[in-house]
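Open the model in your viewer and keep the selection tool at hand. Each stop below says what to select and what you will find there.

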Amino acid sequence: MPSQEKILHINGLKTYFPVRKGLLRTVAAHVKAVDGVDLEIYRGETLGLVGESGCGKTTLGKSIIQLVGAVGGQILYHEGEQTFDLLNLSPEEFKHIRQKIQIVFQDPHSSLNPAFTVFGSLQDPLKLYGVKTKAERRKIIGDLLEAVNMRREQMDNYPHEFSGGQRQRIGIARALCVNPEIVICDEAVSALDVSIQAQVLQLLQEIKEARGLTYIFITHDLSVVEYISDRVAVMYLGKIVELAESEALYRTPRHPYTQALLSAIPIADLDRKSDRIVLEGDVPNPVSPPSGCAFHPRCPKFKSLSEPEKQRCMGESPQLSDATQLTQPHLVSCHYPN
Amino acid sequence: MTRRPTRLDKKFDLLREKTEQGTLKAPSSNRALNKLASNKLAVLGLAFVTIMILASVFAPLVTQYDPQKVDLRMMLKPPSADHILGTDKIGRDVFARIIYGGQISILVGLGSALGAALIGVSIGAYTGYKGGWWDSTFLRISEVVMSFPQIILVLMLVTILGQSLMNLIIIFTLTGWGSLYRLTRAQMLSLREEEYVQALRAFGLNTFTICFKHILPNALGPIMVNITLSTAMFILQEAGLSFLGLGVPLNIPTWGNILNVAQDLRILQNYWWVWLPSAVTISLFVLAINFVGDGLRDTTDPTMQG
């Protein structure tokens, strides 16, 4: 069960990508992939991060692990009494912290180096973190493979000899090899077929319990998130629009966008008619997001609002705030939540 | 209904027979070697290249003639028991000249290709992976080098450095690294986006390890092929330059130097043995190198089975 101890505190994180134009390649604009995200992650929990393609959820994950550079904000990592700002580390701290957060990728076909055996791929990180002898490295990698339900000998096989599900499990083993505290699963099961998805999710749960990990689970698949997450954050256009306990969010979504997303989950029940809310239009261009609430041009609720209320949605950007005042916070970024 | 037995059936029967007799050997541990050995063309090519190199290196053991010795009584004699490929305009043994010429031609071709590869691949791999300022700088430099008429560049460099074998290799290296650089860079640009690279970065491995140890092996296939093609290209370039009197000094026999007499229409029409053997040698050698290159490409790609 998740504790109340904060492990990661993301504060106003911004990741912009420059758009260059013209002969001199001057920066004409910025794609605001992550635009001011505040997020607290507790030790031992699984935080689901959902949203449409292009909403910035993968960029947020990669910013946390610093595969893309953030331009502003803080990522505070708490370890015991100490706090490190990941965007502002000395080289020694950096090496120490880097191993604490690892990532599992989406595509099992490009996530393993085809030129190396599993052992060859995994041994360099181990070397870097001080496992000196080859025998020790082989032992650690063998143990990891067994932990992800594979055979020890398979460390000497090449990636093309494995199936998609096996590769994904190797990807998990790789993320675990330096004993991280936080694992970011970036669409970790999206490329697998459904029966394998269930296996891998089960495995992720087992590993989490055995090692006391914290997961940030990025996906567009809402049913997967419901299964695995303690809390869920919904992203839209680089911002978090709703953040709540998984159950509360699925039962009583507050933000019109979340409602639309949830209504799109297919239900295998012929008698129940789902009231599908169809969003109009596409996700706006993140180079120039709409004024005020970025969701208002597509918001189903916006149409039914009165004129002064509409003005507010168009002019004022809503803040993420607690909508329910219950014991468990249910944060919504909407002027008129349900 | 019976199926017509295929090649694979035969192979399988053979394997089963061996298994039953208990004579089936476990495949030797080196996968790459096995793979190269099973590629017949590559083996053939390698054999030819090896024979040519050995013959060139041990030329004095292969022929008793001095490739430079003029014999005016034996001008333009057709092939015979004494001179198996005949003699040229001033009575030198053609076979001896081809064998000794191989020394220089192969050295120039291979040496320049390896030199160009060393420069091109190391710069291309590093800057292609890092990107940014260094990348654009080297891209511009390579564009300048490649867009400059090569023959003029070589002329300039020969004038500055002087005419010698070593200088020729240096000049070829300096003018020829561009294509390998660009190839390597292009490979790196696509490979660096692969997720395994990001995973390595997430571990905080240093750039050199990621770039040269983990990514470069995946780019080696096309690079190998390009090196072999460059070898062939440099052998041909050497021939061209030798003709202009700018390559290897004319008194040293090379395949290019031997071919030059074919400029003379009289020789081209009447005395085939003077130029044809050298031309055939160049073609065969280049072909053989390309076969080896293809074999190497398949070997370095672990996803290619069998």
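Start by colouring chain B by pLDDT. This is a predicted model, and chain B averages a pLDDT of 85. In chain B, 94% of the residues score at least 70. For the complex, the predictor gives an ipTM of 0.85 and a pTM of 0.80. Keep one caution in mind: where pLDDT is low, the predicted coordinates should not be read in detail.

**Stop 1: where the chains meet**

Select the contact between the two chains. Chain A supplies 22 residues and chain B supplies 16 residues. On the side of chain A that touches chain B, the elements giving two or more residues are helix 2 (91-98), strand 6 (101-104) and helix 3 (118-128) of chain A. Which of them gives the most? Helix 3 of chain A does, with four residues. Now colour this side of chain A by class: 11 residues are nonpolar, six are polar and five are charged.

**Stop 2**

Now walk through the pairs.

- Strands 1 and 2 of chain A: they pair in the antiparallel sense over 13 bridges. Pick A:Lys6, and you will find A:Tyr42 of strand 2 of chain A opposite. These two strands form a hairpin with four residues between them. In the turn, click A:Gly22, which has a positive phi of about 80 degrees.
- Strands 1 and 4 of chain A: five bridges join them, and they run antiparallel. Select A:Asn11; its bridge partner in strand 4 of chain A is A:Gln74.
- Strands 4 and 5 of chain A: strand 4 (residues 72-79) pairs with strand 5 in the antiparallel sense over four bridges. Here A:Tyr77 has A:Phe84 as its bridge partner in strand 5 of chain A.

**Stop 3**

Zoom in on strand 11 of chain A. Two bridges pair strand 11 with strand 12 (residues 331-332) of chain A in the antiparallel sense. A:Asp322 stands opposite A:Leu331 in strand 12 of chain A.

Then move to strand 6 of chain A.

**Stop 2: the helices of chain B**

Two packed helices are described by the angle between their axes and the distance between the axes.

Select helix 5 (residues 94-130) and helix 8 (residues 165-191) of chain B. They pack at an angle of about 40 degrees, with their axes 5 Å apart. That makes the two helices oblique to each other. The crossing of helix 5 and helix 8 of chain B is right-handed. Their contact has 18 nonpolar, 10 polar and two charged residues.

The angle here is about 135 degrees, and the axes are 7 Å apart. Helix 5 and helix 6 of chain B are therefore oblique. Is their crossing left-handed or right-handed? It is left-handed. Among the residues that meet are B:Ile123 and B:Thr127 in helix 5 of chain B, and B:Trp134 and B:Phe138 in helix 6 of chain B. By class, this contact has three nonpolar, three polar and two charged residues.

Finish with helix 7 (residues 150-161) and helix 8 of chain B. They pack at about 140 degrees, with their axes 10 Å apart. The crossing of helix 7 and helix 8 of chain B is right-handed. Residues to show include B:Leu153 and B:Leu157 in helix 7 of chain B, and B:Ile170 and B:Ile171 in helix 8 of chain B. The contact of helix 7 with helix 8 of chain B divides into seven nonpolar, three polar and no charged residues.

Terms used
Residues numbered from 1 in each chain as written. Chains lettered and ligands numbered in written order. Predicted model: local features only at pLDDT ≥ 70, side-chain atom pairs only at ≥ 80, totals over all residues. Contact = placed C-beta atoms within 7 Å. Nonpolar A, V, L, I, M, F, W, Y, C, P; charged D, E, K, R; others polar. Pairing = 2+ DSSP bridges. Axes fitted to C-alpha atoms, helices over the stretch in contact; angles between N-to-C directions. Parallel < 35°, antiparallel > 145°, perpendicular 65-115°, else oblique. Left-handed = near helix turned anticlockwise from the far one by under 90°. pLDDT = per-residue confidence, 0-100.
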